[in-house]
Amino acid sequence: MEPVRSTLENPDWIALDADNPDGLTYYRLYLKVCVSFHRRDQAGILGKVITAYPTKGLGRGEVVHWP
């Protein structure tokens with residue numbers, strides 16, 4: 001789980017998820033972490049890791065959102 005945590009805390013870049021309008025994909029080195037976000041009432045926004053896997057770069061249809 002440490003590689004996933006490192007990717008979320010210090011990503012190299014973040015992209016808009018091409019398949020999930022409520023999702024972002026976080027990239028760090030070789031790892032892609034897909035997170036889905038849901039707005040909560042008073043608590044703000046809650047994110048949930050959907051999957052994480054090794055990759056060589058942006059997925060098809062993804063657009064860099066940050067930096």
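Two strands pair if DSSP finds at least two bridges between them. Keep that rule in mind for the tour, which runs through a predicted model.

**Stop 1: the sheet**

Switch to a cartoon view. Select the five strands of the open sheet, which follow the order β4-β3-β2-β1-β5. The pairing is antiparallel. Now look at the edges. β4 and β5 stand there, each with a single partner strand, so one side of each has no neighbour in the sheet. Neighbouring strands are turned against each other by 35 degrees on average, direction ignored.

**Stop 2: β1 and its two partners**

Select residues 13-16, which form strand β1. Its antiparallel link to β5 consists of three bridges. Pick Ala15 and look across to β5: the bridge partner there is Val64.

Now turn to β2. Four bridges join β1 to β2, again antiparallel. Select Leu16 and find Leu24 of β2 standing opposite.

**Stop 3: β2 and β3**

Stay with β2, residues 23-28. Is this strand mostly covered or mostly open? It is mostly covered, as five of its six residues are buried.

β2 and β3 pair over six bridges in the antiparallel sense. Select Tyr27 and look for its bridge partner in β3, which is Lys32. Then trace the turn.

**Stop 4**

Select residues 2-9, helix α1. The helix lies across β2, β3 and β4. Against β3, α1 runs at about 65 degrees.

Pick Thr7, a residue of α1. Is Thr7 buried or exposed? Its relative accessibility is 1%, so Thr7 counts as buried. Show its contacts, leaving aside neighbours within four places in sequence. They are Tyr26, Tyr27, Arg28, Leu31 and Val33.

**Stop 5: the nonpolar core**

Show side chains for Val4, Ile14, Leu24, Tyr26, Leu31, Val33 and Val35. These seven residues make up the largest nonpolar core. Which elements give two or more residues to this core? They are β2 and β3. The largest share, three residues, comes from β3.

Now select Val33 alone. Val33 is in contact with Val4, Thr7, Leu8, Leu24, Thr25, Tyr26, Val49, Thr51 and Ala52.

**Stop 6: the aromatic pair**

How many aromatic pairs does a search of the whole structure find? It finds one. Select Trp13 and Tyr27. Their ring centres are 5.1 Å apart and their planes meet at 20 degrees, so the pair is stacked. Planes under 30 degrees apart count as stacked.

The pair links distant parts of the chain. Trp13 is in strand β1 and Tyr27 in strand β2, 14 residues apart. Colour by accessibility next. Trp13 is partly exposed, at 24% relative accessibility, whereas Tyr27 is buried, with a relative accessible area of 1%.

**Stop 7: the salt bridges**

The count comes to two salt bridges. Select Arg5 and Glu2, whose side chains meet in a salt bridge at 3.9 Å, N to O. Why do these residues sit about one helical turn apart? Arg5 and Glu2 are three residues apart in helix α1, which means a separation of about one helical turn. Arg5 is partly exposed, with a relative accessible area of 48%. Glu2 is partly exposed too, at 46%.

Now select Glu62 and Lys32. Their side chains meet in a salt bridge at 2.9 Å, N to O. Are Glu62 and Lys32 buried or exposed? Both are buried.

Besides its salt bridge with Glu62, Lys32 is the bridge partner of Tyr27. Tyr27 in turn stacks with Trp13, and Tyr27 is also among the contacts of Thr7.

Note on methods
Residues numbered from 1 in each chain as written. Predicted model: local features only at pLDDT ≥ 70, side-chain atom pairs only at ≥ 80, totals over all residues. Heavy atoms only, no water. Salt bridge = Lys/Arg side-chain N within 4 Å of Asp/Glu carboxyl O. Buried < 20%, exposed > 50% of the residue type's maximum accessible area, 1.4 Å probe, protein only. Core = buried A, V, L, I, M, F, W, Y, C linked by side-chain atoms within 4.5 Å. Contact = heavy atoms within 4.5 Å. Axes fitted to C-alpha atoms, helices over the stretch in contact; angles between N-to-C directions. Phe/Tyr/Trp six-rings, centres within 6.5 Å; stacked < 30°, edge-to-face > 60°.
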